[in-house]
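I would ask you to keep the sequence and the structure in view while I speak.

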Amino acid sequence: MSGILFFDGACGMCTRAVEFILRHNRTGLLRIEPLQSPGTAERLGVSPSHLLDCNRWLDPSGAVYSGAEAMNAAVSTAIGSKLPLMLYHIPGIGFIEEAIYRWVATHRYRFRGTTPYCESHPAAC
């Protein structure tokens with residue numbers, strides 16, 4: 001499984017989380033792009049007004065996942081195991097993960113992070 005994780009490149013906490021996943025990218029199949037990249041909304045089939053609501057995952061088949069499912073897909077790809085994505089699909093687990101994800105996403109600018117991706121890679125945004 002390979003794909004692209006789209007994330008809020010203006011968010012320091014989001015950048016830190018993505019860098020953590022990239023450090024554990026054993027397969028080399030995980031790619032990242034900020035949601036602020038030109039043309040991202042059209043590419044993902046998401047309205048521009050909802051683009052920054054959550055992270056998104058785009059797999060080679062064109063399927064788009066969002067929120068906690070997207071993060072599970074990214075981790076699955078990075079470590080080379082379908083286990084995180086399989087756990088997400090256990091009844092009840094995905095619901096709990098999404099609730100936690102939504103709370104964190106809503107408050108993401110309050111958490112400590114690192115230099116936001118769009119500040120350190122302005123050409124990508």
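Predicted model: local features only at pLDDT ≥ 70, side-chain atom pairs only at ≥ 80, totals over all residues.

I begin with the pocket. Rolling a probe the size of a water molecule over the atoms shows where empty space is left. In this model, the largest pocket holds about 300 Å³ of space. Its lining consists of 18 residues, and those nearest the centre are M13, N55, M71, Y101 and V104. Which elements give two or more residues to that lining? They are helix 1, residues 12-23, helix 3, residues 67-79, and helix 5, residues 93-106. Helix 5 provides the largest share of the lining, with six residues.

I turn now to the aromatic side chains. A pair of aromatic rings is described by the distance of the centres and the angle of the planes. How many aromatic pairs does the structure hold? There are two aromatic pairs. One is formed by F7 and Y117, with 5.4 Å from centre to centre and 80 degrees between the planes, an edge-to-face arrangement. F7 belongs to strand 1, residues 3-7, and Y117 to helix 6, residues 117-120, so this pair ties together parts that are 110 residues apart in sequence. F111 counts as partly exposed, its relative accessibility being 33%.

Next, the cysteines. A disulfide is a covalent bond between the sulfur atoms of two cysteines. A search of the whole structure returns one disulfide. It joins C118 to C125, with an S to S distance of 2.0 Å. The link of C118 and C125 is left-handed, with -85 degrees about the S-S bond. C118 is buried, with a relative accessible area of 17%, whereas C125 is partly exposed at 30%. What of C54? C54 takes part in no disulfide, and the nearest cysteine sulfur, that of C14, lies 11 Å away. C54 is buried, at 4% relative accessibility. C11 is likewise buried, with a relative accessible area of 0%.

Finally, the charged side chains. Side chains of opposite charge can pair when their charged atoms come close. The search of the whole structure gives two salt bridges. In one of them, the side chains of R108 and D8 meet at 3.0 Å, N to O. R108 sits in the loop between helix 5 and helix 6, and D8 in the loop between strand 1 and helix 1, which makes this a link between distant parts of the chain, 100 residues apart. Both R108 and D8 are buried. The other salt bridge joins R43 and E33 at 2.9 Å, N to O. With R43 in helix 2, residues 40-44, and E33 in strand 2, residues 30-34, the pair ties together parts that are 10 residues apart in sequence. R43 is partly exposed, with a relative accessible area of 41%.

That concludes my presentation, and I thank you for your attention.

Technical notes:
Residues numbered from 1 in each chain as written. Heavy atoms only, no water. 1 Å grid on protein atoms, 1.4 Å probe; cavity = no way out; pocket = protein on both sides within 12 Å on 5 of 7 lines; lining within 4 Å. Points joined across faces, edges and corners; volume = space filled by probe spheres on them. Helix = DSSP H or I, 4+ residues; strand = E, 2+ residues; numbered from the N terminus. Phe/Tyr/Trp six-rings, centres within 6.5 Å; stacked < 30°, edge-to-face > 60°. Buried < 20%, exposed > 50% of the residue type's maximum accessible area, 1.4 Å probe, protein only. Disulfide = S-S within 2.5 Å. Salt bridge = Lys/Arg side-chain N within 4 Å of Asp/Glu carboxyl O.
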